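Dear colleague,

Please find below the structure that I am handing over to you. My notes on what was found in it follow directly after.

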Amino acid sequence: MEYTMNELLETQRNVHVLYAYNGAENYLQQLLNYIEEGVAAGDHVLIVENERVTKKLEALLAKTYNETQRSQVHFVNSLQFYWSTGSYHPPAIHQYFTKTVEPFIKSNQAFRSWAHVEWESVKEPLFLIEDFEKMADRAVNEYAFPLVCAYEKQRMPRHLTESLMRTHPYVLLEDDLVASNQYQST
């Protein structure tokens, strides 16, 4: 079954999505759409992104949104997020994320998140990435928020793709969301 993000979010908030993107332009457009939908819905939008893309997004948002709308968009440096302990350590990432979203949870404010997961090369043991995605899936269900995990398709070896399909109940295919028939609930 195919959905749009908004259609799915009308019926449930706990949505964990894999987005395997092709090219920087497609990536940026999908992220801008996600931000636009979040701001329009009154959600806070938490973006885990590298500095280069963050600067580009901030400039684009400054042209499109007023200060109040821009205050709904929050950027987290992806290098600090994923490597806060000096290595890719899923429990530390989970702790960092929990601390980041705590103000939204305590004040009962709706939020959604987008995490750009990028690697120079996939050298980390696969089980660490799978462990992280399982933790993310549990967090999505515990805190009832939508999360898109964006990976560059060209840098995804087959074994990583298979692992990600098992840990994400939905897959974003440009403008449509489809259910992953390989998803294994955690």
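Strand β2 (residues 16-21) is mostly covered, with five of its six residues buried; buried means under 20% relative accessible area, exposed over 50% and partly exposed in between, with a 1.4 Å probe and protein chains only. Helices (H or I, at least four residues) and strands (E, at least two) are DSSP runs, numbered from the N terminus. This is a predicted model, in which local features need pLDDT of at least 70 and side-chain atom pairs count only at pLDDT 80 or more, while totals for chains, interfaces and linings use all residues. Residues are numbered from 1 along each chain as its sequence is written, and side-chain values use heavy atoms, with hydrogens and water left out.

Two strands pair if DSSP finds at least two bridges between them. Strand β2 runs parallel to strand β6 (residues 147-152), and six bridges join them; A20 has Y151 of β6 as its bridge partner. Strand β7 (residues 170-173) is also parallel to β2, joined to it by two bridges, and there V171 stands opposite L18.

After α2 comes G42, with a positive phi near 85°.

The whole structure holds eleven aromatic pairs. Rings of Phe, Tyr and Trp (its six-membered ring) pair if their centres lie within 6.5 Å; planes under 30 degrees apart count as stacked, over 60 as edge-to-face and the rest as tilted. With ring centres 5.9 Å apart and planes at 65°, Y19 and W114 form an edge-to-face pair. This pair links Y19 in β2 to W114 in strand β5 (residues 111-116), 95 residues apart. Y19 counts as buried at 0% relative accessibility, and W114 counts as buried at 1%.

One aromatic cluster is formed by Y19, Y21, Y27, Y34 and W114. The charged end of R112 sits over the ring of Y34, 5.4 Å from its centre; this requires NZ of Lys or CZ of Arg within 6 Å of the ring centre and within 35 degrees of the ring normal.

With kind regards
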